[in-house]
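Let's take a walk through a protein fold together, one piece at a time. Keep the picture beside you and try to find each part as it comes up.

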Amino acid sequence: MQQGKGENFDDLLSSARERIAAATDEAALERLRVELLGKKGAVTAALRGLGALPPQERAPMGARANALKVQIESLLTERLTTVQEQRLESLAADEWADITFVPSLERRGHLHPLTLILREVKAIFSRLGYEVAVGPQVEDVFHNFEALNIPAEHPARETMDSFYIQDNSLLLRTHTSPVQIRFMEGHKPPIRIIAPGTVYRRDATDPAHGSQFNQFEALCVDRDIRLSDLKGTIEYFARSLFGPERKIRIIGDHFPFTEPSIGAAVSCGICAGSGCRSCKNGWLEIMGAGMVHPQVLRNGGIDPEVYSGFAFGAGLDRLAMLKYNVADLRLFLENDVRFLRQF
Ligand code: 2NL
């Protein structure tokens with residue numbers, strides 16, 4: 001800075017004005033303040049240089065230097081105010097928080113009740129050495145009916161009447177038994193499998209029946225398998241799923257693919273078997289079962305003179321209804337979150 005030159009003051013002011021206007025935050029303005037007005041700043045140097053001027057120039061130059069200092073100070077202050085206001089405005093726009101807002105508790109996803117039941121069923125049977133088998137949902141008439149002793153004119157075809165595809169030779173499976181027939185075709189005993197899955201029936205829909213439901217069947221084939229093995233397995237299963245206090249009841253039944261055939265029930269968990277509104281007589285039917293018919297073993301390629309087996313089938317939906325006290329089976333397939341949220 002060359003003292004005494006008025007243009008230098010003008011240059012200094014206009015360059016300070018530009019730089020101050022270009023500063024966008026408080027730190028930049030503070031740096032400019034130090035640079036322009038600080039001890040080593042240009043204005044201070046100009047003021048300091050006044051002493052070297054001839055006396056008659058000192059007063060006017062001093063006045064101009066002071067005026068410059070005051071102008072720069074007010075430019076800095078003005079810009080600082082603007083920058084601070086802008087910062088608050090952008091905070092209000094971008095980072096506002098509604099302190100009256102009450103967030104709902106975090107709601108995490110979870111498994112469908114039928115999946116929960118299926119996982120439990122799989123876990124129970126895996127402890128008994130059973131594996132999971134799967135098969136097609138579109139079946140042929142042989143695996144769905146004929147191999148299970150249900151010939152063309154058998155009345156069971158009517159009760160399980162299904163959705164046929166392609167000139168009546170293919171259909172949506174009416175039970176998962178065909179999965180087990182296929183498994184027997186491909187494996188030698190010992191066999192211990194469960195076959196869970198969706199099955200289809202041409203039923204009128206009501207609270208306990210739908211055209212689509214989920215079941216699982218179990219099949220055990222080995223040497224010397226008897227009815228007592230079946231009974232023990234059902235008891236272990238029912239107590240694992242419903243609780244150790246439960247009793248089981250076995251009654252006679254009939255299925256074309258088992259001989260003898262039985263029905264199994266567990267004692268009601270609400271009234272402990274004395275009879276109440278939900279169970280009526282103290283018992284809840286959970287499955288049909290029996291010793292695999294010798295002809296069915298033969299149809300699966302297994303010699304009934306050497307091996308015997310038991311099988312059973314249960315509705316997963318029904319087990320879930322009993323375990324979770326659900327009154328309408330259709331709720332499991334409607335996917336209404338107000339229902340699903342409860343599990
Ligand atoms: C029920 C009754 C049952 C079977 C299913 C079966 C399978 C083969 C051979 C013999 Cl490969 N039996 N399955 C046996 C008895 C009953 O289901 O009420 N299901 C919902």
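Before we look for partners in a sheet, here's the rule for calling two strands a pair: DSSP has to find at least two bridges between them. Strands of a sheet pair through backbone hydrogen bonds, and they can do it parallel or antiparallel. With that rule in hand, look at F255, which stands opposite T258 in β8. These two residues sit where β7 and β8 (residues 258-267) meet, and the two strands pair in the antiparallel sense over seven bridges. Keep in mind as you go that you're looking at a predicted model.

Now zoom out from that pair. How many strands form the sheet that holds β7 and β8, and in what order? There are seven, and they make an open sheet that reads β1-β5-β6-β10-β9-β8-β7, with mixed pairing. At the edges you'll find β1 (131-132) and β7 (248-255), each with a single partner strand, so one side of each has no neighbour in the sheet. A helix packs on this sheet too: α5 (residues 113-127) touches β1, β5 (191-200), β6 (212-222) and β10 (308-315). The direction of α5 makes about 165 degrees with that of β5.

The axes of α5 and α9 (residues 227-242) come within 10 Å and cross at roughly 135 degrees. That angle makes α5 oblique to α9. As for handedness, α5 passes α9 in a right-handed crossing. If you'd like to see who's touching whom, find I117, E120, V121, I124, F125 and R127 in α5, which meet T233, Y236, F237, S240 and L241 in α9. Sorted by class, the residues of this contact are seven nonpolar, two polar and two charged.

Next, bring in α11 (residues 316-324). The axes of α5 and α11 come within 9 Å, and they cross at roughly 100 degrees. That makes α5 roughly perpendicular to α11. On the α5 side, the contact uses P113, L114, L116, I117, L118, E120 and V121, while α11 brings L316, D317, L319, A320, K323 and Y324. What classes of residue does the contact of α5 with α11 have? It has 10 nonpolar and three charged residues, and no polar ones.

To finish the trio, check how α9 and α11 meet. Their axes come within 10 Å and cross at roughly 50 degrees. These two helices are therefore oblique to each other. F237, L241 and F242 of α9 make the contact with L319, L322 and K323 of α11. The residues here divide into five nonpolar, one charged and no polar.

There's another sheet to find. This open sheet has three strands in the order β2-β4-β3, and its pairing is antiparallel. The edge strands are β2 (138-140) and β3 (164-165), each with a single partner, so one side of each is left without a neighbour in the sheet. Three bridges join β2 to β4 (residues 170-172), and these strands run antiparallel. To spot the pairing on your screen, look for E139, which stands opposite L171 in β4.

Most residues other than glycine have a negative phi, and most peptide bonds are trans. N149 isn't a glycine, yet its phi is positive, near 65 degrees. You'll find N149 in the loop between α6 (141-144) and α7 (155-159). Then there are cis peptide bonds to look at. One joins P189 and P190, with omega about 5 degrees, and P190 lies in the loop between α8 (177-186) and β5. The peptide bond from E259 to P260 is cis as well, with omega near 0 degrees. Where is P260 placed? P260 is in strand β8, the strand that pairs with β7.

Finally, step back and take in the whole chain. In total, the protein chain has 13 helices and 10 strands. Its C-alpha atoms fill a box of roughly 135 × 45 × 40 Å, taken along the principal axes. What radius of gyration does the protein chain have, and what would a compact globule of 343 residues have? The chain has 44 Å, whereas the globule would be near 20 Å.

Definitions and conventions:
Residues are numbered from 1 along each chain as its sequence is written. This is a predicted model: local features need pLDDT of at least 70, side-chain atom pairs count only at pLDDT 80 or more; totals for chains, interfaces and linings use all residues. Side-chain values use heavy atoms; hydrogens and water are left out. Helices (H or I, at least four residues) and strands (E, at least two) are DSSP runs, numbered from the N terminus. Contact means heavy atoms within 4.5 Å. Axes are lines fitted to C-alpha atoms, for helices over the stretch in contact, and angles run from 0 to 180 degrees between N-to-C directions. Angles under 35 degrees count as roughly parallel, over 145 as roughly antiparallel, 65 to 115 as roughly perpendicular and the rest as oblique. A crossing is left-handed if the near helix is turned anticlockwise from the far one by less than a right angle, and right-handed if clockwise. Ala, Val, Leu, Ile, Met, Phe, Trp, Tyr, Cys and Pro count as nonpolar, Asp, Glu, Lys and Arg as charged, and the others, Gly among them, as polar. The radius of gyration is taken over C-alpha atoms; the globule rule is 2.2 Å times the number of residues to the power 0.38.
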